[in-house]
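Subject: Structure for your review

Dear colleague,

Please find below the structure that I am handing over to you, together with its sequence. I would be grateful if you could read the notes that follow with the structure open beside them.

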Amino acid sequence: MTWLPLVGTLLGAVIALGSALLVERRRERREDCVERRKTRQDVYSRYLTAHADARTQLRVLSVASELTDEERGHRAFIAYAACYASRYELAVLAPQSVVTLARDFDRCARDLRDLVIAGTYANTPPTGRMQEYLDAMALVQVAMRKDLGADEGSLPPSN
């Protein structure tokens with residue numbers, strides 16, 4: 001009978017320790033999920049910002065008549081070069097559904113860059129390459145929002 005209090009105490013300690021470890025593990029998982037979501041938000045923001053800046057610079061270059069073809073080409077390459085770093089970040093951190101659409105979007109952005117280099121971007125009708133670019137951008141944004149669970153409220157998507 002003298003062992004019963006000791007066994008009860010040990011059992012209580014095991015239960016308390018187990019529940020504390022379980023609560024701690026759940027808290028760590030929740031914090032990891034929030035941190036991963038925040039990281040993806042930052043990467044997506046940098047990616048879209050780099051593309052918006054490049055698109056603006058390409059548009060300005062396309063109507064700049066004082067530039068030579070060589071200067072326009074050089075500046076167009078520089079304008080698009082800022083998109084590379086964010087694209088590589090995206091390739092590492094985003095799910096395949098986002099990466100695939102981003103690859104298509106990058107192809108459209110490079111097509112616009114090439115049009116600027118060729119000197120035909122300003123003359124491109126909005127239903128042509130620019131529309132393809134805008135459509136690809138919209139698809140990437142929808143995929144990013146879906147990945148972040150932005151349309152489902154502030155909760156991250158369940159995995």
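The notes below cover helix packing, salt bridges and aromatic pairs, in that order.

Please bear in mind throughout that this is a predicted model.

Helix packing

I begin with helix H2 (residues 69–93) and helix H3 (residues 96–118), whose axes come within 9 Å and cross at roughly 175 degrees. Because an angle over 145 degrees counts as roughly antiparallel, H2 is described as roughly antiparallel to H3. On the H2 side, the contact is made by Arg72, Gly73, Ala76, Phe77, Tyr80, Tyr84, Arg87, Leu90 and Ala91. H3 contributes Val98, Val99, Ala102, Asp106, Ala109, Arg110, Arg113, Val116 and Ile117. Sorted by class, the residues in this contact are 12 nonpolar, one polar and five charged.

Salt bridges

Nine salt bridges are present in the structure. Three of them are described here.

The pair Arg87 and Asp106 belongs to the H2–H3 contact described above. These residues form a salt bridge in which the closest N and O atoms are 3.8 Å apart. Arg87 lies in helix H2 and Asp106 in helix H3, 19 residues apart, and the pair thus links distant parts of the chain. Asp106 is buried, its relative accessible area being 1%.

A second salt bridge joins Glu89 to Arg46, with 2.8 Å between the closest N and O atoms. Since Glu89 lies in helix H2 and Arg46 in helix H1, this pair ties together parts that are 43 residues apart in sequence. Both residues are partly exposed: Glu89 has a relative accessible area of 29%, and Arg46 has one of 41%.

Glu31 and Arg27 are both in helix H1 (residues 3–63), four residues apart, or about one turn of the helix. The closest N and O atoms of their salt bridge are 2.5 Å apart. Glu31 is partly exposed at 42% relative accessibility, and Arg27 is likewise partly exposed at 31%.

Aromatic pairs

The structure contains three aromatic pairs. In one of them, the ring centres of Tyr80 and Tyr84 are 5.3 Å apart and the ring planes stand at 80 degrees, so the pair is edge-to-face. Both tyrosines belong to helix H2, where they are four residues apart and hence separated by about one helical turn.

Another pair is formed by Phe105 and Tyr133, whose ring centres are 4.9 Å apart and whose planes are at 40 degrees, so the pair is tilted. Phe105 lies in helix H3 and Tyr133 in helix H4 (residues 129–148), 28 residues apart, which makes this a link between distant parts of the chain. Phe105 is buried, with a relative accessible area of 0%, and Tyr133 is buried as well, at 1%. Together with Tyr47, these two residues form one aromatic cluster.

Yours sincerely

How values were computed. Residues numbered from 1 in each chain as written. Predicted model: local features only at pLDDT ≥ 70, side-chain atom pairs only at ≥ 80, totals over all residues. Heavy atoms only, no water. Axes fitted to C-alpha atoms, helices over the stretch in contact; angles between N-to-C directions. Helix = DSSP H or I, 4+ residues; strand = E, 2+ residues; numbered from the N terminus. Parallel < 35°, antiparallel > 145°, perpendicular 65-115°, else oblique. Contact = heavy atoms within 4.5 Å. Nonpolar A, V, L, I, M, F, W, Y, C, P; charged D, E, K, R; others polar. Salt bridge = Lys/Arg side-chain N within 4 Å of Asp/Glu carboxyl O. Buried < 20%, exposed > 50% of the residue type's maximum accessible area, 1.4 Å probe, protein only. Phe/Tyr/Trp six-rings, centres within 6.5 Å; stacked < 30°, edge-to-face > 60°.
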